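Please look over the structure shown here before reading the notes on it. The report goes from the overall fold to individual side-chain pairs.

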Amino acid sequence: MFRSFCGYRFAAVTLSLLFAVFGPVATATAAPPKPLVTAQAPAAALSEKLILSFASAAAKILDVREKYLPKIKSAPNEAEASKIFTRAQTEMRAIL
């Protein structure tokens with residue numbers, strides 16, 4: 001009988017400690033989160049010249065990609081594919 005009483009007392013003390021420690025955390029997380037307020041950056045004024053320059057560069061880079069991609073895929077080994085890829089990167093950087 002003493003043994004079962006000690007077991008119940010241990011369980012009661014343990015549960016009390018758990019509720020004391022984790023109780024506030026559970027109630028804190030139960031509250032609905034506040035919505036995040038994010039500031040929006042003002043729209044950047046892009047000039048027509050900048051947009052046309054970007055479009056031109058993008059088109060040229062896509063042409064280089066279309067030119068080199070089949071060569072890279074048909075390369076006989078990894079080393080040769082790496083060399084072709086490096087040439088393509090160099091050509092793309094020159095466009096930019």
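Predicted model: local features only at pLDDT ≥ 70, side-chain atom pairs only at ≥ 80, totals over all residues.

Residues are numbered from 1 along each chain as its sequence is written, and side-chain values use heavy atoms, with hydrogens and water left out.

The protein has three helices and zero strands, and its elements run α-α-α from the N terminus on; helices (H or I, at least four residues) and strands (E, at least two) are DSSP runs, numbered from the N terminus. The accessible surface comes to about 8800 Å², of which 68% belongs to carbon and sulfur atoms, as computed by the Shrake-Rupley method with a 1.4 Å probe. Of the 96 residues, 7% are buried, where buried means under 20% relative accessible area, exposed over 50%, and partly exposed in between (1.4 Å probe, protein chains only).

Ile 72, which lies in helix H2, is in contact (heavy atoms within 4.5 Å) with Ala 81, Ile 84 and Phe 85, leaving aside neighbours within four places in sequence. The C-alpha atoms of Ile 72 and Ser 82 are separated by 7.8 Å, although these residues are 10 apart along the chain.

The structure holds one salt bridge, defined as a side-chain nitrogen of Lys or Arg within 4 Å of a carboxyl oxygen of Asp or Glu, and in this bridge the side chains of Glu 91 and Lys 67 meet at 3.5 Å, N to O. Glu 91 lies in helix H3 (residues 78-95) and Lys 67 in helix H2 (residues 48-73), so the pair ties together parts that are 24 residues apart in sequence. The table gives the relative accessibility of both partners and of Ile 72.

| Residue | Relative accessibility | Class |
|---|---|---|
| Glu 91 | 28% | partly exposed |
| Lys 67 | 40% | partly exposed |
| Ile 72 | 23% | partly exposed |

The charged end of Lys 71 sits over the ring of Tyr 68, 5.2 Å from its centre, the criterion being NZ of Lys or CZ of Arg within 6 Å of the ring centre and within 35 degrees of the ring normal.
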